[in-house]
Amino acid sequence: MAFVLALAVLLSVTGCAELITVTSPQRNVNVTVGGSLRLQCSFISTTPETTSLVVMWNFVEKSSSSLKQIYYSQADQDVVPPEYKGRLSLPPAHGTGGNVSIGLGDMQTADSGLYTCEVRNSPDIGGKTEASIIVRVLEPPSAPFCAVHGDVAVGHLVTLTCHSEKGSPPPTYTWIRLDQARARQPIMARVTQTGILEIRNISEFKFGEYQCTSTNAVGTSTCMVELSQEAEDGVIAGAVIGALLGCLLIALVVWFIAHQVKKHRYSAVKTPAAEIKGSSRPPPATSAVSMEMSSPSHDSTHGDDDEARA
């Protein structure tokens with residue numbers, strides 16, 4: 001690379017090198033999400049021959065410093081990365097009329113950043129070879145989410161929050177209060193850039209419906225929240241019901257465990273009792289029969305002895 005630059009400087013000094021000029025009428029381009037745009041770029045070369053023409057389009061994402069090549073062409077051989085196929089329209093063949101503009105479709109917020117067009121056409125190896133364009137992809141705010149935080153009661157601090165998940169540029173937030181006649185009432189409280197509204201020492205006059213509006217350059221979106229004593233009562237009632245259900249669940253678990261323990265103990269006691277009962281059974285009847293059969297033989301023995309004595 002250093003050798004090529006040195007050669008270019010040497011040729012320029014000696015007058016053997018020609019200069020190329022690359023320009024773009026665009027500096028900043030805005031496009032909405034899902035839209036299309038054309039990035040314009042043209043060049044002027046000292047030679048009409050374009051067989052050695054090299055065209056490159058590079059992109060640096062807004063949230064990153066890494067460079068990504070989205071288009072490359074040399075000798076009319078076009079190279080487009082897979083993620084840009086179907087989204088990128090090619091420039092005219094051979095750089096006709098010095099036009100090397102490209103088109104991009106289905107733009108997303110990740111496509112915001114710096115696009116650079118670079119052209120080289122030998123023997124023009126010096127001069128202004130690049131032109132850059134800043135692209136901003138704009139997105140309307142998504143539907144915001146409103147919420148109430150704190151004890152909704154007279155004299156307490158209540159905080160209202162409002163936030164849109166999407167939006168480019170980042171949206172700003174405003175709050176208003178609607179009275180019973182649906183008339184807009186100003187709010188004498190501080191609203192942060194992130195959509196937080198703090199109502200200190202709330203009174204009954206501050207109860208009602210509150211509307212948050214999320215706004216940026218390409219759209220607005222709103223959400224509503226009710227600020228009333230009834231809302232707090234509903235929250236308390238919900239908390240009480242939840243606590244009761246939790247207690248009921250705990251009671252059922254305790255009952256189930258106690259029932260299982262009792263069942264296990266009953267089984268453990270019943271088994272030894274059955275074993276004891278089995279061991280105390282009377283002897284079989286055959287023993288008594290055998291004893292009765294043995295008795296006559298014993299008596300006959302005694303008879304024989306008596307006869308011998310006589």
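Asp 106 lies in the loop between strand E9 (102-104) and E10, and in this predicted model its phi is near 50°, a positive value in a residue other than glycine. With a relative accessible area of 44%, Asp 106 is partly exposed. A positive phi, of about 55°, is also assigned to Ala 75, although Ala 75 is not a glycine. The loop that carries Ala 75 runs between strand E6 (67-74) and strand E7 (77-79), and Ala 75 is partly exposed, its relative accessible area being 44%.

A polar atom of the Ser 168 side chain lies 3.2 Å from the backbone oxygen of Val 137. When residues up to four places away in sequence are not counted, Ser 168 touches Thr 109, Val 137, Leu 138, Glu 139, Asn 216 and Val 218.

The structure holds 3 disulfides, and when the bonded cysteines are counted along the chain, the disulfides follow the pattern 1-2, 3-6, 4-5. Cys 41 is joined to Cys 117 with an S to S distance of 2.1 Å, and the torsion about this S-S bond is about -75°, so the disulfide of Cys 41 and Cys 117 is left-handed. This pair links distant parts of the chain, 76 residues apart, with Cys 41 in the loop between strand E3 (37-39) and strand E4 (42-44) and Cys 117 in strand E10 (residues 113-121). Both Cys 41 and Cys 117 are buried.

A further disulfide connects Cys 146 to Cys 223, with an S to S distance of 1.7 Å; its torsion about the S-S bond is about 60°, and the disulfide is therefore right-handed. Because Cys 146 lies in strand E13 (residues 145-150) and Cys 223 in strand E19 (residues 219-227), the pair ties together parts that are 77 residues apart in sequence. Cys 146 is buried at a relative accessible area of 12%, and Cys 223 likewise counts as buried, at 10% relative accessibility.

The remaining disulfide, between Cys 162 and Cys 212, has an S to S distance of 2.0 Å, and a torsion of about -85° about its S-S bond makes it left-handed. Cys 162 belongs to strand E14 (residues 158-163) and Cys 212 to strand E18 (residues 208-216), so this pair ties together parts that are 50 residues apart in sequence. Cys 162 counts as buried at 2% relative accessibility, and Cys 212 is buried with a relative accessible area of 0%.

Technical notes: Residues numbered from 1 in each chain as written. Predicted model: local features only at pLDDT ≥ 70, side-chain atom pairs only at ≥ 80, totals over all residues. Heavy atoms only, no water. Disulfide = S-S within 2.5 Å. Helix = DSSP H or I, 4+ residues; strand = E, 2+ residues; numbered from the N terminus. Buried < 20%, exposed > 50% of the residue type's maximum accessible area, 1.4 Å probe, protein only. Polar contact = N/O pair within 3.5 Å; in protein donor to acceptor, adjacent residues only side chain to side chain. Contact = heavy atoms within 4.5 Å.
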